[in-house]
Amino acid sequence: MKNVMIVDDETLVRIGMQSIIDWEREGYRIVAVCADGREALEAMADAVPDIVLTDIRMPGMDGFELMAEALKRYPHIQFIILSSYEDFEYTRRAIRAGVKDYVLKHQMEPEELLRILNRMEVAERPTQGSDPLAAEKSEWLERFSRLAREGGTEGEAEEERFPLLRKA
C-alpha cells in the first residue's frame with residue numbers, strides 16, 4: 001500500500017478528495033488529511049507519506065514551503081500539486097521543485113488522478129522506528145553464530161567484529 005497525505009485549506013476539497021476514490025481498494029492508504037503545510041509537517045512525524053497531494057496557496061505555510069521542508073526530512077516523498085490556478089509561474093515553480101504532476105482542481109476526474117498516482121514509482125522509505133544499524137547488527141550476529149557453531153568464543157567474535165582488539 002502506498003501512503004497518501006491530502007493537504008488543502010478548503011474543507012470541501014479535503015472531503016471530496018477522500019471520497020472520489022476508493023483508496024484502499026486501489027492500493028492506497030490515506031495517512032493524514034491536513035488544512036495547511038504546518039499541520040502536514042506535524043502529521044508527517046507520525047505517519048510519513050509516500051505521496052502528498054497538496055494545494056499551493058494556503059494560509060500559514062503554502063505548498064511550496066511544505067515541499068521544501070518535507071523533502072529536507074523525507075526525501076523519498078513525491079508531490080502532486082492540486083491547484084485552482086492556471087498560473088504559469090506556479091507551474092514553473094512546481095516543475096523546479098520536482099513535483100510529479102500539476103492538476104487543476106476544477107478539471108480533475110477520479111480516473112485521471114488514479115492514472116497519475118499509478119504512474120508514480122514510490123521509492124523505498126525507511127520504516128517507522130527502523131534501526132540504522134540493523135544490517136551491521138545482523139551481520140555481526142551471523143558471524144557470532146558461525147563462530148559459536150564452530151566452537152569459537154564470544155571473545156573471538158568480538159575480535160572479529162573489532163579487529164583492533166586482537167592481541168598482537
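In the predicted model, T54 stands opposite I81 of strand β4, and this pairing belongs to a region in which β3 and β4 run parallel and are joined by four bridges. Strand β4 is mostly covered, six of its six residues being buried. The cover extends to both faces of β4, with Q78, I80 and L82 buried on one side and F79, I81 and S83 buried on the other. This arrangement can be read against the general rule that in a regular strand the side chains alternate between the two faces of the sheet.

The loop between β3 and α3 contains D55, which counts as buried because its relative accessibility is 3%, below the 20% cut-off applied to buried residues. The side chain of D55 is joined to that of K105 by a polar contact of 3.3 Å. When residues up to four places away in sequence are set aside, D55 touches V7, D8, D9, E10, G63, L82, S83 and K105. A contrasting case is G98, in the loop between α4 (88–97) and β5, which is partly exposed at a relative accessible area of 43%. The C-alpha atom of G98 is separated by 9.5 Å from that of I80, a residue 18 places away along the chain.

The strands described above are part of a protein chain with seven helices and five strands, whose elements follow the order β-α-β-α-β-α-β-α-β-α-α-α from the N terminus. Of the 168 residues of the chain, 37% count as buried. Among contacts between residues at least 6 apart in sequence, 63% join residues at least 24 apart. The accessible surface of the chain comes to about 10,200 Å², of which 50% belongs to carbon and sulfur atoms.

The largest nonpolar core comprises 25 residues, and those with the most contacts inside it are M5, V7, M44, V52, L66 and F79. Two or more residues are given to this core by each of β1, β2, α2, α3, β4 and β5. Apart from this core lies another, of 18 residues, which includes I6, V13, I51 and M108. For M5, leaving aside neighbours within four places in sequence, the contacts are with A32, C34, A40, A43, M44, A47, P49, I51, V52 and L53. In soluble globular proteins, nonpolar side chains tend to be buried together.

In α2 (37–44), the residues G37, A40, L41, A43 and M44 are buried, and they lie on the same side of the helix because they cover an arc of only 160° around its axis. The buried residues of α2 pack against β1, β2, β3 and α3. At the start of α2, a side-chain oxygen of D36 reaches to within 3.0 Å of the backbone nitrogen of R38. In α5, which spans residues 110–119, the buried residues are L113, L114, I116 and L117, and these too cover an arc of only 160° around the axis, which puts them on the same side of α5. An α-helix has 3.6 residues a turn, so residues three or four places apart point the same way. The cover over the buried residues of α5 includes β1 (2–7), α1 (11–19), β2 (28–34), β3 (51–54), β4 (78–83) and β5 (101–104).

Key:
Residues numbered from 1 in each chain as written. Predicted model: local features only at pLDDT ≥ 70, side-chain atom pairs only at ≥ 80, totals over all residues. Heavy atoms only, no water. Buried < 20%, exposed > 50% of the residue type's maximum accessible area, 1.4 Å probe, protein only. Arc of directions from axis to C-beta. Contact = heavy atoms within 4.5 Å. Core = buried A, V, L, I, M, F, W, Y, C linked by side-chain atoms within 4.5 Å. Polar contact = N/O pair within 3.5 Å; in protein donor to acceptor, adjacent residues only side chain to side chain. Areas by Shrake-Rupley, 256 points an atom, 1.4 Å probe, with all protein chains shown as cover. Pairing = 2+ DSSP bridges.
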